[in-house]
Amino acid sequence: MDTVMLYIIAAVLIAVSAVKDRDKTRKAVMKGLKSIEGILPQLIVVLIAIAVILSLFDAETISRYLGSGSGLFGVLIAGLVGAITLIPGFVAFPAAGELLRNGAGVLQVATFVSSLMMVGVVTLPMEIKYFGRRAAITRNAVAFAFSFAAALFVAWVVSL
Amino acid sequence: MNKVKSLIGRYRAVIIAGLALAALVVFMPELGPRVGMSLLEQGRTMLLVLPPIFLLLGLLDVWVPRETLMRFMGPGSGFKGLVLSFALGSAAAGPLYGAFPVAAVLMRKGASFSNILIFIGAWSTTKIPMLLFEMNALGVRFALARLAIDIPGIIIIALAIKTVVPKAEIERIYAAAATMDASTPRKS
């Protein structure tokens, strides 16, 4: 859905740009295409890494470890799995909802969602390329720790 | 000949990952279908989401002058810059790796490091289009509670990074972002 919006916005802006200045528009499109090619190698590696990781942990394995009785260990697993995997939100949210309905704990699911969104181990090499080692590692480490705090808060609010 | 060589150099990691993937499928053929499905699914997402992001990025690069962006998101932009960075990141669609090239262009246009960090944080977790999805799947309470805690969280993470990364390193990151400019193809 949001992808369609994105295309509409891009198309409208390119049309406006082309009416205003054809040359500049051509330059903008060329720049865009060139930067796609620029990050293509890293993207393909990320793609392969995700495929391998997701094929090793499937939904049933994950839900077995994230039951509401899984306690602290389950929370830790949830955080780690979220940090390592990279699943787009429109797949992850329904899957997380399914986990909740199948008996996973709110705390575990919230930890998983938070670290999934904020921490990216697979994309770390890309992030380092843009932000340097120190900033990228700090961001991921602090975000990982924050995921647990955020999950505690979410679980508390949901239990109210 | 040289061009081919540099192409192979840039894609070396891809070749290695591809060989590792092939080895995995050969030794554990039962994983094959799942690996294939995931590759197709994720590849489709990338191919769908990235082109419009990069086209918008090209437009931003060509049309928005450095002075303008600096006024809105530069070091002196204050609270207004913070809100704008939040809004920009939250309005985004697509996975986090899509944010890195955008951040590089924003850096080149003079956005402050704090605002870049806020932007990355917002892109990672407070995306508005995704919020509706989350409410639907996990409940309104769950989604809104997460949003409420994520806003201070993003600021805390940004502050943590700023205290840990020395000034010289930030300058180096900005210099690197300038060379990642799409209009100057990397050395070949």
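I began with H3(B), which has 32 residues and reaches 46 Å from its first C-alpha to its last, close to the 46 Å expected at 1.5 Å a residue. The expected span is 1.5 Å times one less than the number of residues in the helix. Helices here are DSSP runs of H or I with at least four residues, strands are runs of E with at least two, and both are numbered from the N terminus.

*Ground rules.* I noted that residues are numbered from 1 along each chain as its sequence is written, while chains are lettered from A and ligands numbered from 1 in the order in which they are written. This is a predicted model, where local features need pLDDT of at least 70, side-chain atom pairs count only at pLDDT 80 or more, and totals for chains, interfaces and linings use all residues.

*Bends.* Where does H3(B) bend? I found a bend of about 30 degrees at B:Leu50, and the proline B:Pro51 follows within four residues. A bend is the angle between axes fitted to the seven residues ending at a residue and the seven starting there. Next I looked at helix H2 of chain A, residues 22–56. H2(A) has 35 residues and reaches 49 Å from first C-alpha to last, close to the 51 Å expected. H2(A) has a kink of about 50 degrees at A:Leu40, shortly before the proline A:Pro41.

*Chain B overall.* I listed 10 helices and 0 strands in chain B. The C-alpha trace of chain B spans about 55 × 50 × 35 Å along its principal axes. Of its 188 residues, 41% are buried. Buried means 20 or more other C-beta atoms within 10 Å of a residue's own, exposed means 12 or fewer, and partly exposed lies in between, with C-beta atoms placed from the backbone.

*Domains.* Bounds come from an automatic or database domain assignment. Chain B gets domain 1 (1–49) and domain 2 (64–179), with C-alpha centres 30 Å apart. Chain A gets domain 1 (1–40) and domain 2 (57–159), with C-alpha centres 34 Å apart.

*Where the chains meet.* I checked the contact between the chains: 67 residues come from chain B and 64 residues from chain A. Which helix gives the most to the side of chain B that touches chain A? H3(B) does, with 22 residues. By class, that side of chain B has 47 nonpolar, 10 polar and 10 charged residues. Ala, Val, Leu, Ile, Met, Phe, Trp, Tyr, Cys and Pro count as nonpolar, Asp, Glu, Lys and Arg as charged, and the others, Gly among them, as polar.

*One residue, A:Val142.* I found A:Val142 in helix H7 (residues 124–159) of chain A. Why does A:Val142 count as buried? A:Val142 counts as buried because it has 20 C-beta neighbours inside 10 Å. A:Val142 touches B:Ile157 and B:Ala160, not counting residues up to four places away in sequence. Contact means C-beta atoms, placed from the backbone, within 7 Å. A:Ser55 is 87 residues from A:Val142 in sequence and 28 Å away in space, C-alpha to C-alpha.

*Confidence.* Chain B averages a pLDDT of 84, and 94% of the residues score at least 70. pLDDT is the predictor's confidence in each residue, from 0 to 100. In chain B, confidence is lowest in helix H1 (residues 2–10), at a mean of 74, and highest in H9(B), at 94. pLDDT stays under 50 over residues 182–188 of chain B.

Conventions
Contact = placed C-beta atoms within 7 Å.
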